[in-house]
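Thanks, everyone, for making the time. I would like to walk through one structure with you, residue by residue, and I will give the cut-offs as I go.

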Amino acid sequence: EMGPALGINLAEFEFPAYFNYFVFGKRCTLLVDSTEAEDNIRRVFGETLLGPAQFRNHSAPKPNEDEDFDPTYPPAARPNFYKEFYHFRTAEKSTNYQELSIDTLLDFCHFKGGTQHQGHNTTTSS
């Protein structure tokens, strides 16, 4: 028997998504019941996979946040999170070193009223 009583989270999908992609090179399909659920998952995955939004804005790159450092810590010694996150988003051979996106790992399938609808992403899963 599985479930919350045994401390098993049946809704966990980050590890399976990462494992399927980074080990097997395959995408996962998540079944969701609303666009709102898909948007929430995309928001969380965006942060965990790609890094915080302020460090992935190509039009206004931000190396770090002042509030994350003691005021006496020299700005020149601070890491450049924009460059670091960009490196990891583009270091994947399976994407031909193109920038990773949520759609690189996930497909969304919507179920409403017993019918299936494709999510934001209209590509088919591998």
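Let me start at Asp 107, which sits in strand S2, covering residues 106–112; helices, as H or I runs of at least four residues, and strands, as E runs of at least two, are taken from DSSP and numbered from the N terminus. Please keep in mind that this is a predicted model, in which local features need pLDDT of at least 70 and side-chain atom pairs count only at pLDDT 80 or more, while totals for chains, interfaces and linings use all residues. Residues are numbered from 1 along each chain as its sequence is written, and side-chain values use heavy atoms, with hydrogens and water left out.

Asp 107 counts as buried because its relative accessibility is 2%, where buried means under 20% relative accessible area, exposed over 50% and partly exposed in between, with a 1.4 Å probe and protein chains only. Its side chain is joined to that of Arg 27 by a polar contact of 2.3 Å; the term stands for a pair of N or O atoms within 3.5 Å, where within protein one must be able to donate a hydrogen and the other to accept it, and residues adjacent in sequence count only if both atoms are side-chain atoms.

Now to the salt bridges, meaning a side-chain nitrogen of Lys or Arg within 4 Å of a carboxyl oxygen of Asp or Glu. The structure holds 6 of these salt bridges. One of them links Glu 38 to Arg 42, with the closest N and O atoms 2.9 Å apart, and because the two residues are 4 residues apart in helix H2, residues 35–50, they are separated by about one helical turn. Glu 38 is buried at a relative accessible area of 0%, and Arg 42 is buried as well, at 14%.

How far apart are N and O in the salt bridge between the side chains of Asp 66 and Arg 78? The value is 2.7 Å. Both Asp 66 and Arg 78 lie in the loop between H2 and H3, so the pair ties together parts that are 12 residues apart in sequence. Asp 66 is exposed, with a relative accessible area of 57%, whereas Arg 78 is buried, at 13%.

Next, the aromatic rings. The structure holds 11 aromatic pairs; rings of Phe, Tyr and Trp (its six-membered ring) pair if their centres lie within 6.5 Å, and planes under 30 degrees apart count as stacked, over 60 as edge-to-face and the rest as tilted. Phe 13 and Phe 45 make a stacked pair, at 5.5 Å centre to centre and 15° between the planes. Phe 13 belongs to the segment before H1 and Phe 45 to helix H2, so this pair ties together parts that are 32 residues apart in sequence. Phe 45 counts as buried, at 0% relative accessibility.

Phe 55 and Phe 81, by contrast, form a tilted pair, 5.4 Å centre to centre with 50° between the planes. Since Phe 55 lies in the loop between H2 and H3 and Phe 81 in helix H3, the parts tied together here are 26 residues apart in sequence. Finally, Phe 13, Tyr 18, Tyr 21, Phe 22 and Phe 45 form one aromatic cluster.
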